[in-house]
Amino acid sequence: MTFTQINYFIQVARCLNFTEAAARLYVTQPTLSRQITAIETELNMQLFIREHKSLRLTPAGTVLLEEFTGLMESYENGIKRAREASYGMIGHLNIGVIDGLNISHFLPDFIQHLENTYPNIQIHLARFSFSQLIQQLYDCKLDGIITYDFDVRSRPGIKFLSLRQLNPVIIIPNRHPLASAQKITLKDMANESLVIVNPADCGSGVALVTNACEEYGGFYPKFHFVDTMEDALLWVEAGMECALLNDGMNMIHSDAMKVHPLTELPPMKEVLAWNPDNHNFALPILLEYVNHLLHV
């Protein structure tokens, strides 16, 4: 059955008159009658009761009228939205950001670019934990995520572009005995508890810090696990714990803590990651913008 036949059925069911329906459809009455008969034959059910001077729907015809009306409305709306999207008229772009990360170097300019070039594409921003970002990226609920390379590098089916380099730092509460030190190395943290997001949320992050402490500091770290990066920063700001983070975090500029670069550790990358199975037409706009930034 074709959409044309479905439309023929709907018009006859609404008019309950072949002559009137044929006039609305700009077809001949015999053509319309043949199409309705073909539909009934294909479905193996009677849709109309034909009497001498009247036409009425069977119970099956009444059900199909309701169902086919909704189907045609959905079809027409889909075509309309696709046509508008093909001209860049309307759309949405959902971007997730790992909690605690400062994105003022990138997103404000991109949002301004989007408003100037594609004013009818709405952008939605939200912060999430590591595991939430990944899950929503796989589910295509997020079109792109801004996170760290170590958490996406080995994940299947995810691609990413590097946005900037981030340098490891140790952050220490002001009241901590090491706060007044001129320089701190990882070896200085051997007896300290490091607050970090739990392995269930970001096992790759825990492994990264563990390996760094063992390779560059010669010790296995003592961890204080929390649920989010914001929680980790809260523990440092409250004067309770130290943390190994990076210089792209929002909270490292707090007056409640000291920040010490860890030059012995290699830098990490802030990345934009996406799922190639996501077919949102607005996603290539984001990727094109990032690629342009990387090549200027």
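Helix H4 (residues 59–86) is the main contributor to a nonpolar surface patch, supplying three residues. The patch consists of Phe3, Leu71, Tyr75 and Ile79, which together have about 330 Å² of accessible area. This is a predicted model, in which local features need pLDDT of at least 70 and side-chain atom pairs count only at pLDDT 80 or more, while totals for chains, interfaces and linings use all residues. Residues are numbered from 1 along each chain as its sequence is written, and side-chain values use heavy atoms, with hydrogens and water left out.

Patches are built from residues with over 30% relative accessible area and no salt bridge, like charges being joined within 9 Å and nonpolar side chains (Val, Leu, Ile, Met, Phe, Trp, Tyr) within 5 Å. A salt bridge places a side-chain nitrogen of Lys or Arg within 4 Å of a carboxyl oxygen of Asp or Glu. Areas follow the Shrake-Rupley method with a 1.4 Å probe, and for residues only the protein chains shown count as cover. Helices (H or I, at least four residues) and strands (E, at least two) are DSSP runs numbered from the N terminus.

Phe3 belongs to helix H1 (residues 3–15). With a relative accessible area of 35%, Phe3 is partly exposed, a class lying between buried (under 20%) and exposed (over 50%), with a 1.4 Å probe and protein chains only.

The structure holds ten aromatic pairs. The ring centres of Phe9 and Phe48 are 5.6 Å apart and their planes stand at 55°, so this pair is tilted. Phe9 in helix H1 and Phe48 in strand E1 (residues 48–50) are 39 residues apart, and their pair links distant parts of the chain. Rings of Phe, Tyr and Trp (its six-membered ring) pair if their centres lie within 6.5 Å; planes under 30 degrees apart are stacked, over 60 edge-to-face, and the rest tilted. Phe9 is buried at 0% relative accessible area, and Phe48 is likewise buried at 0%. Ring pairs join Phe9, Phe48 and Phe68 into a cluster.

Asp143 sits in the loop between helix H6 (130–138) and strand E5 (144–148) and is buried, with a relative accessible area of 2%. Its side chain makes polar contacts with those of Asn278, at 2.8 Å, and Asn280, at 3.1 Å. Beyond neighbours within four places in sequence, the residues in contact with Asp143 (heavy atoms within 4.5 Å) include His92, Leu93, Trp274 and Leu283. A polar contact is a pair of N or O atoms within 3.5 Å; within protein, one must be able to donate a hydrogen and the other to accept it, and residues adjacent in sequence count only if both atoms are side-chain atoms.
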